[in-house]
Amino acid sequence: MRHLPIGSLWRKWDLHFHTPSSFDYADKSITDEKIIDTLVEAGIEVVAVTDHHVIDIARISNLSTIAAGRISILPGIEFRTELGGKQKVHLIGIFPENAKLKDIWTTVQGKLELTTGHIEKKGGDESVYVNFREAADVIHDLGGIVSVHAGTKSNTIETIGNKELFKQRLKKDLIRDYIDLYEIGKASDVTDYEAKVFPNIGKHIPLVICSDNHDIKNYALKASCWIKGDPCFCSFQQIKSDPNRVFIGDLPPAVDRIKKNPTKYIKAVQYKKLPGSPLPEEWFSGTVQINPGLVGIIGNKGSGKTALAETIGLLGNCELEKHFSFLNEAKFRQPKGSKAKHFQASLVWANDHQDIKLLSDSTNSSNPASISYIPQNYLETICNEVVNLPGSRLISSLSQ
């Protein structure tokens with residue numbers, strides 16, 4: 001059965017996550033299978049692998065293979081920079097899931113001096129650091145985005161103090177020119193950044209919260225980070241232009257409404273041809289997943305918009321079936337050789353209840369409608385009436 005994309009949904013993301021490829025990982029014996037299984041159990045749908053000063057191409061490839069169809073793996077890297085006081089500012093680069101990692105890692109190693117030889121020369125992993133601006137430029141040039149620690153989290157950009165005017169200017173310049181995401185340390189940091197920091201710097205940066213996990217056996221989230229978008233790198237373009245697509249907390253309000261009212265939201269419309277049908281055509285087949293935030297059906301003429309809308313109206317027992325323009329006796333329900341009787345449709349609600357009918361069935365006026373649907377033919381009819389006549393349906397509708 002064919003499944004169509006559902007579009008942007010609220011999903012849990014973790015954009016700062018370590019594997020045994022990080023030099024300071026707790027248990028190097030942890031398997032990639034254990035990592036993916038734990039993330040799936042925690043409800044994570046997108047994770048960025050951000051090991052310290054390394055992009056482990058083989059591990060990221062293996063994780064992606066194991067996670068296929070369950071979690072989207074975004075390759076990344078975490079750097080220690082020269083900025084800050086005793087606690088140095090950390091910077092994270094995140095790249096597309098289909099990025100050419102070999103080329104990216106070769107470039108990063110060369111430009112930021114992160115080859116094995118460079119690291120040994122600097123005194124080992126604990127002594128490695130990069131230049132903040134240079135690293136951010138390299139990440140952006142390679143098609144990635146830049147995230148920094150913020151708020152009360154350790155190794156944060158806030159270790160650059162505000163006492164001297166030049167340091168205030170430095171932070172504003174870094175935020176304006178180099179930073180795409182702020183990774184905060186706790187959910188309560190959101191209020192201060194929204195109310196104080198962003199108005200002061202004149203720019204709204206999307207806020208995320210992450211696990212920074214170094215031991216998958218003790219995986220935990222300080223708070224859930226929800227992002228409304230497809231489970232892929234391209235969603236960053238949406239949240240950069242609309243930071244409200246990020247929610248930090250238990251449940252986004254839209255998800256909470258669905259959870260509390262599962263009988264009012266459609267999850268999918270399913271079609272199938274009846275077994276044994278002699279009809280050679282496959283007019284309808286597969287599943288159309290319905291996004292709970294759906295506001296319109298668009299497409300070229302003849303692409304099936306009216307058929308889908310009228311199917312939903314039929315299954316929802318709407319009151320205006322006689323005004324259908326596709327599921328009527330002049331079209332798909334023609335009495336002679338009717339095709340409609342060969343196809344069954346199901347309306348699947350968020351609570352998994354299903355309403356099932358043949359496309360040749362009629363609505364039942366003795367039962368209440370579960371969906372309000374106004375067919376296009378009905379709208380055209382009432383809009384073309386002489387509106388100043390008594391009893392005009394358009395005037396009656398507007399006056400109610």
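Predicted model: local features only at pLDDT ≥ 70, side-chain atom pairs only at ≥ 80, totals over all residues.
**Pocket lining, cores and an aromatic pair**

Colleague: Which element gives the largest share of the lining of the second largest pocket?
Modeller: The pocket has 20 lining residues, and L9, W10, V255, I258 and P292 lie nearest its centre. At least two lining residues come from each of β1 (9-17), β8 (225-229), α9 (253-260) and β10 (266-273). The largest share, 4 residues, is that of α9.

Colleague: How many residues are in the largest nonpolar core, and how many in the second, separate core?
Modeller: L15, F79, Y182 and F236 have the most contacts inside the largest nonpolar core. Leaving aside neighbours within four places in sequence, F79 is in contact with residues including H53, V89, L112 and I139. The second, separate core includes I266, F324, L347 and Y373.

Colleague: What kind of aromatic pair do F284 and F343 form?
Modeller: F284 lies in the loop between β10 and β11 (286-289), and F343 lies in strand β12 (residues 343-349), 59 residues apart. Both are buried. Their ring centres are 5.8 Å apart and the planes stand at 75 degrees, so the pair is edge-to-face.

Colleague: Which residues form one aromatic cluster with F284 and F343?
Modeller: The count of aromatic pairs comes to 14. Besides F284 and F343, the cluster holds Y271, W283, F326 and F332.

Note on methods. Residues numbered from 1 in each chain as written. Heavy atoms only, no water. Core = buried A, V, L, I, M, F, W, Y, C linked by side-chain atoms within 4.5 Å. Buried < 20%, exposed > 50% of the residue type's maximum accessible area, 1.4 Å probe, protein only. Contact = heavy atoms within 4.5 Å. 1 Å grid on protein atoms, 1.4 Å probe; cavity = no way out; pocket = protein on both sides within 12 Å on 5 of 7 lines; lining within 4 Å. Phe/Tyr/Trp six-rings, centres within 6.5 Å; stacked < 30°, edge-to-face > 60°.
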